[in-house]
Amino acid sequence: MTSTFLRRHPLLVSLFLCVNCSPNSTVTQALLSVTPWGWVRRYKGPGSVSSPQSQPPAHPSLITMCTGKCSKFIGISLYPFCLVSLVCNLILLFPSWDVEFIKEPSEQMTPEVLYLGGVIGGGLLVLIPAIHIQATGREGCCNNRCGMFLSIIFAAVGVAGSVYGFATSVLAMVRGPQCFFTFFNETSQKNESTWGRPFYSDLKDLSDDNYLFNKDEWSFCEKPEGVVEFNIILFSMVLASTAITLVLCTIQMLNGLFGCLCGTCRQKE
């Protein structure tokens, strides 16, 4: 009955061999005798050498062959998106490429720019995990189960940073920029000018009437010149980059879990 069960569930055999790589133990040899996978039956443990005609993979689990390489790929991929988020947020501090407005940030700067979602969230909180995640994919002290476990924690920090940067960018785009504009005051019955957010709306009220979908309204902002386009383009780039880093860090959390259970691919093929 046990033999039939194991024949029908060869993945369980592979997972056991992945975690308990002791090819000479009685339990391991018993499992090898019942599995229907020929390449697993020929498995003699990591680092073993078989004949050219029956050379098995370096490890019975496909997972362990890719966790280290996957970490290296994810770590390297995170760097350019960190740079995009960081640079775009810094540029947002100088609307219309002018340093005049940063002198009074509380009045003349879009609040979400000052939250530094791209610098702190999509930048530093993703960059630091990226360094460790990449380290788990190359030979060294981090390329082991402990390193993979730590990569899960670092990736979770990256997820938090990405969510922060993403949420900040969404709010900034929906609520619109801070700018100098002229409006008609019904109380005084005359036109008045002030600094504010003429397009402000809540996320739940987003509709086709929002300024994002009505380009003709963008000229309503007088200063900084072209601030609407400026904010939309740069916040869109931060939003896109943090969305990608969110996906990559989430994948690394799963990859780190498999690497923690099954190990990395340090053994040479």
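Over residues 232-251, what percentage of the chain is helix and what percentage is strand, and how far apart are the end C-alpha atoms?

A: Residues 232-251 are 100% helix and 0% strand, with 29 Å between the end C-alpha atoms. This is a predicted model, in which local features need pLDDT of at least 70 and side-chain atom pairs count only at pLDDT 80 or more, while totals for chains, interfaces and linings use all residues. Residues are numbered from 1 along each chain as its sequence is written, and side-chain values use heavy atoms, with hydrogens and water left out.

Helices here are DSSP runs of H or I with at least four residues, strands are runs of E with at least two, and both are numbered from the N terminus. An unreviewed UniProt entry places the feature "transmembrane region" at residues 73-94, 114-135, 147-167 and 232-251. UniProt annotations may be inferred rather than shown by experiment; the positions follow the numbering used here, and feature names are shortened. Another of these stretches, 147-167, is also 100% helix and 0% strand, with its end C-alpha atoms 30 Å apart.

Helix 10 (227-262) is among the elements that cover the buried residues of helix 5, as are helix 7 (111-114), helix 8 (117-135) and helix 9 (145-175). Contact means heavy atoms within 4.5 Å. The residues of helix 5 that are buried include Gly68, Ile74, Leu78, Cys82 and Asn89; buried means under 20% relative accessible area with a 1.4 Å probe, counting protein chains only.

The protein has 10 helices and three strands, and from the N terminus the order of elements is α-α-α-α-α-α-α-α-α-β-β-β-α. The strands make an open, antiparallel sheet in the order 2-1-3, with strand 2 (190-196) and strand 3 (221-223) at the edges. Strands pair if DSSP finds at least two bridges between them; seven join strand 1 (residues 179-185) to strand 2. Across that pairing, Phe181 stands opposite Thr194 and Cys179 opposite Gly196. Four residues separate strand 1 from strand 2 in their hairpin, and Gln189 in the turn has a positive phi of about 55°.

For the protein as a whole, 42% of the 269 residues count as buried.

Conventions
Buried < 20%, exposed > 50% of the residue type's maximum accessible area, 1.4 Å probe, protein only.
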